[in-house]
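Here is a friendly walk through a structure that may be new to you. Please keep the model open beside these notes as you read.

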Amino acid sequence: YGALAEEIASRQDPAKRAPLVSLSDYPIAEIEYIAENECIRHLSDLVRRRSIITILGRAGVAALKELADIVGGVLGWDRQRQEAEVQLALKEANDGR
């Protein structure tokens with residue numbers, strides 16, 4: 001996040017600095033920040049275009065479900081939409097798109 005990294009980190013709720021269970025190098029606050037500020041429309045936008053999660057081969061079902069829950073909370077996705085986004089992200093990762 002360049003020059004904004006320190007500012008972004010300092011304004012986050014301390015509880016949201018906790019790492020994701022499935023991706024321990026990503027704090028919850030960072031995923032929320034990406035969802036709020038990086039034009040995320042689909043979960044695959046996050047894991048393929050706004051992070052290196054898919055490139056590193058870490059876009060497994062558990063990670064995608066955890067991410068969908070966080071992104072869905074920010075973007076107002078219900079459980080059905082979250083599951084659809086997980087399936088789409090898995091398909092795109094497997095198809096190499």
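The points below go from the whole chain to single residues.

1. **Ground rules.** This is a predicted model, in which local features need pLDDT of at least 70 and side-chain atom pairs count only at pLDDT 80 or more, while totals for chains, interfaces and linings use all residues. Residues are numbered from 1 along each chain as its sequence is written, and side-chain values use heavy atoms, with hydrogens and water left out.

2. **The overall layout.** The protein chain has five helices and zero strands, in the order α-α-α-α-α from the N terminus. Helices (H or I, at least four residues) and strands (E, at least two) are DSSP runs, numbered from the N terminus. The radius of gyration is 13 Å, close to the 13 Å that the globule rule gives for 97 residues, so the chain is as compact as a globular protein of that length. That radius is taken over C-alpha atoms, and the rule is 2.2 Å times the number of residues to the power 0.38. Along the principal axes, the C-alpha atoms fill a box of roughly 35 × 25 × 25 Å.

3. Of the 97 residues, 37% count as buried. Here buried means under 20% relative accessible area, exposed over 50%, and partly exposed in between (1.4 Å probe, protein chains only). The chain exposes about 5,700 Å², with carbon and sulfur atoms supplying 52% of it; accessible areas come from the Shrake-Rupley method with a 1.4 Å probe, and for residues only the protein chains shown count as cover. Among contacts (heavy atoms within 4.5 Å) with a separation of 6 or more, 57% are between residues 24 or more positions apart.

4. **Helix α4.** This helix has 15 residues and reaches 20 Å from its first C-alpha to its last, close to the 21 Å expected at 1.5 Å a residue. The expected span is 1.5 Å times one less than the number of residues. Which residues of α4 are buried? They are Ala63, Leu64, Glu66, Leu67, Ala68, Ile70, Val71 and Gly72, and what covers them includes α2, α3 and α5. Just after α4, Gly76 takes a positive phi of about 80°.

5. **Salt bridges across the chain.** Side chains of opposite charge can pair when their charged atoms come close. The structure holds eight salt bridges, each a side-chain nitrogen of Lys or Arg within 4 Å of a carboxyl oxygen of Asp or Glu. One of them joins Arg58 and Asp25 at 3.0 Å, N to O. This pair links distant parts of the chain, with Arg58 in the loop between α3 (43-49) and α4 (61-75) and Asp25 in the loop between α1 (5-10) and α2 (28-37), 33 residues apart. Arg58 is partly exposed at 27%, and Asp25 is partly exposed at 47%.

6. Glu92 pairs with Arg48, the closest N and O atoms being 3.9 Å apart. The two are 44 residues apart, Glu92 in helix α5 (residues 79-95) and Arg48 in helix α3. Glu92 is buried at 12% relative accessible area, whereas Arg48 is partly exposed at 22%. Glu85 and Arg81 also form a salt bridge, at 2.7 Å, N to O. Both lie in helix α5, four residues apart, about one turn of the helix. Glu85 is buried at 4%, while Arg81 is partly exposed at 32%.

7. **Tyr26.** Is this residue, Tyr26, buried or exposed? Tyr26 is buried, with a relative accessible area of 10%, and sits in the loop between α1 and α2. Leaving aside neighbours within four places in sequence, Tyr26 is in contact with Ala18, Pro19, Leu20, Ile31, Ser51, Ile52 and Ile53. The C-alpha atoms of Tyr26 and Ile53 are separated by 9.9 Å, and the two residues are 27 apart along the chain.

8. **Glu38.** In the loop between α2 and α3 you will find Glu38, partly exposed at 27%. Beyond neighbours within four places in sequence, Glu38 is in contact with Tyr33 and Arg50.
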